[in-house]
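Welcome! Please take a look at the protein shown here, and then let us walk through it together.

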Amino acid sequence: MTSENRLSAFVKLGVCLNEQLCSKHTEFTDVLARANQENPWFTDDNIRFALSGIVDDLNEKNLNGWVSHYAPAMPKTIAVVMAGNLPLVGFRDFLAVLISGHKILCKLSSKDSVLFHYLAKKLIQIEPKFTEQICFESSVIKGFDAVIATGGHHTVQHFYDYFSKYPHIIRGHRNSCAILDNTENTDELQGLFEDMFRYFGLGCRNVTKLFVPEHYDFQKLIAATQRATSLQQCLQQHHLYQSNFQYQQVVSALNNRKTIDAGVFALIENSSLTPPISIVHYEYYSDLVNVQKILETQKNQIQCIVSHIDTPFGKAQKPTLFDYADGVDTMKFLGK
């Protein structure tokens with residue numbers, strides 16, 4: 001395939017997915033149901049949100065503008081070990097490897113296989129030559145030239161031990177934070193709610209820590225989140241999320257831990273970037289310079305920062321093609 005063939009196929013895939021999102025096609029609704037059975041955190045709404053982001057990626061203008069920044073690569077076999085915390089969280093790697101002309105040897109998460117098999121099937125229907133470029137491996141992966149591996153804290157060291165002799169990108173878990181300055185309007189605060197709890201807060205781009213001015217009044221934030229009825233209902237009706245939330249409420253009560261009840265989540269003053277599910281940590285500041293110093297020391301733990309001068313409120317879960325995970329340019333790596 002030429003680069004034009006590959007790009008055209010992905011543009012057509014975007015059109016196909018958009019049509020699926022706008023229809024009530026039985027095959028598509030069956031895929032959504034099976035994906036939810038495979039991973040109960042993958043709700044219909046969150047899968048559709050993830051797919052709509054992929055449709056935006058595969059817009060012809062966006063895709064052309066992205067690919068044009070990189071020189072052609074010599075075809076290789078790239079192993080990609082994917083996480084399964086969010087629906088299709090590894091799609092950007094899948095796209096980057098294939099559109100660069102490489103063959104992908106894909107090790108899917110057992111929590112997110114249904115959706116990838118569906119997308120690969122659609123892509124091959126559009127361009128049958130991709131049949132030879134896509135391989136899903138269910139056991140030990142071998143016979144590859146380079147690797148991209150993403151996992152949690154417990155798997156990262158294993159990845160380094162296993163893949164150290166190959167050219168690699170290895171990603172662990174990160175968190176995101178937000179800096180508030182008390183000038184945020186209701187729309188921005190509702191956007192922040194989305195940044196915090198889209199995908200139930202399970203992703204690296206979910207805001208888990210707030211930096212707020214001294215004496216900050218959280219009632220304005222809480223009032224704004226309570227007007228976001230769709231996300232409120234999602235959190236209220238999901239049994240796994242609610243089980244986590246109720247457990248954290250009990251833990252807080254037993255430990256006499258001061259919490260701010262926000263209805264469907266709780267706020268706790270804590271310097272850590274990694275709270276449990278349903279909890280958002282916050283830290284007061286008197287000087288933004290000190291916040292910058294803190295963020296500099298934690299930069300290897302942070303995926304993105306939401307603020308008036310960084311990622312806009314409400315956009316943390318809508319990265320562009322140039323917003324590479326961990327700040328590592330995947331396309332540049334694949335071109336080497």
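Predicted model: local features only at pLDDT ≥ 70, side-chain atom pairs only at ≥ 80, totals over all residues.

The report below goes from the whole chain to a few of its parts.

## The chain as a whole

Along the principal axes, its C-alpha atoms fill a box of roughly 60 × 45 × 40 Å.

Of the 336 residues, 52% are buried. If you take the contacts between residues at least 6 apart in sequence, 75% of them join residues at least 24 apart.

Helix α2 covers residues 26-38, which makes 13 residues.

Which residues of α2 are buried? They are Phe28, Val31, Leu32, Ala35 and Glu38. Because these residues cover an arc of only 125 degrees around the axis, they sit on the same side of α2. Thr26 and Gln37, on the other side of the helix, are exposed. The partners that the buried residues of α2 pack against are α1 (3-22), α3 (44-57) and α6 (114-126).

## Helix α9, a second example

Now turn to helix α9, residues 219-227, where Leu221, Ile222, Ala224 and Thr225 are buried. Their arc around the axis is only 160 degrees, which puts them on the same side of α9. Here the buried residues pack against α8, β7, α10 (229-237) and β8 (260-261).

## Aromatic rings

The model holds 19 aromatic pairs. One of them joins phenylalanine 49 and tyrosine 199: the ring centres are 5.9 Å apart and the planes stand at 75 degrees, over the 60 degrees that the label requires, so the pair is edge-to-face. Phenylalanine 49 lies in helix α3, while tyrosine 199 lies in the loop between α8 (186-197) and β7 (207-213), so this pair ties together parts that are 150 residues apart in sequence. Both phenylalanine 49 and tyrosine 199 are buried.

Phenylalanine 49 has another neighbour to look for: arginine 198 lies over the face of its ring, at 4.0 Å from the ring centre. Elsewhere on your tour of the rings, you can find one aromatic cluster formed by Trp41, Phe193, Phe197, Phe200, Tyr241, Phe245 and Phe265.

## Two loop residues with positive phi

Leucine 88 is not a glycine, yet its phi is positive, near 55 degrees. This leucine lies in the loop between β1 (77-81) and α5 (91-99). Is leucine 88 buried or exposed? Its relative accessible area is 4%, under the 20% cut-off, so leucine 88 is buried.

Histidine 215 also has a positive phi without being a glycine, at about 65 degrees. You will find histidine 215 in the loop between β7 and α9. With 76% relative accessibility, over the 50% cut-off, histidine 215 counts as exposed.

## Close to the start of the chain

Threonine 2 belongs to the segment before α1. Its relative accessibility is 38%, so threonine 2 counts as partly exposed. The C-alpha atoms of threonine 2 and isoleucine 302 are separated by 37 Å, and the two residues are 300 apart along the chain.

Note on methods
Residues numbered from 1 in each chain as written. Heavy atoms only, no water. Helix = DSSP H or I, 4+ residues; strand = E, 2+ residues; numbered from the N terminus. Expected span 1.5 Å × (residues − 1). Buried < 20%, exposed > 50% of the residue type's maximum accessible area, 1.4 Å probe, protein only. Arc of directions from axis to C-beta. Contact = heavy atoms within 4.5 Å. Phe/Tyr/Trp six-rings, centres within 6.5 Å; stacked < 30°, edge-to-face > 60°. Lys NZ or Arg CZ within 6 Å of the ring centre and 35° of its normal.
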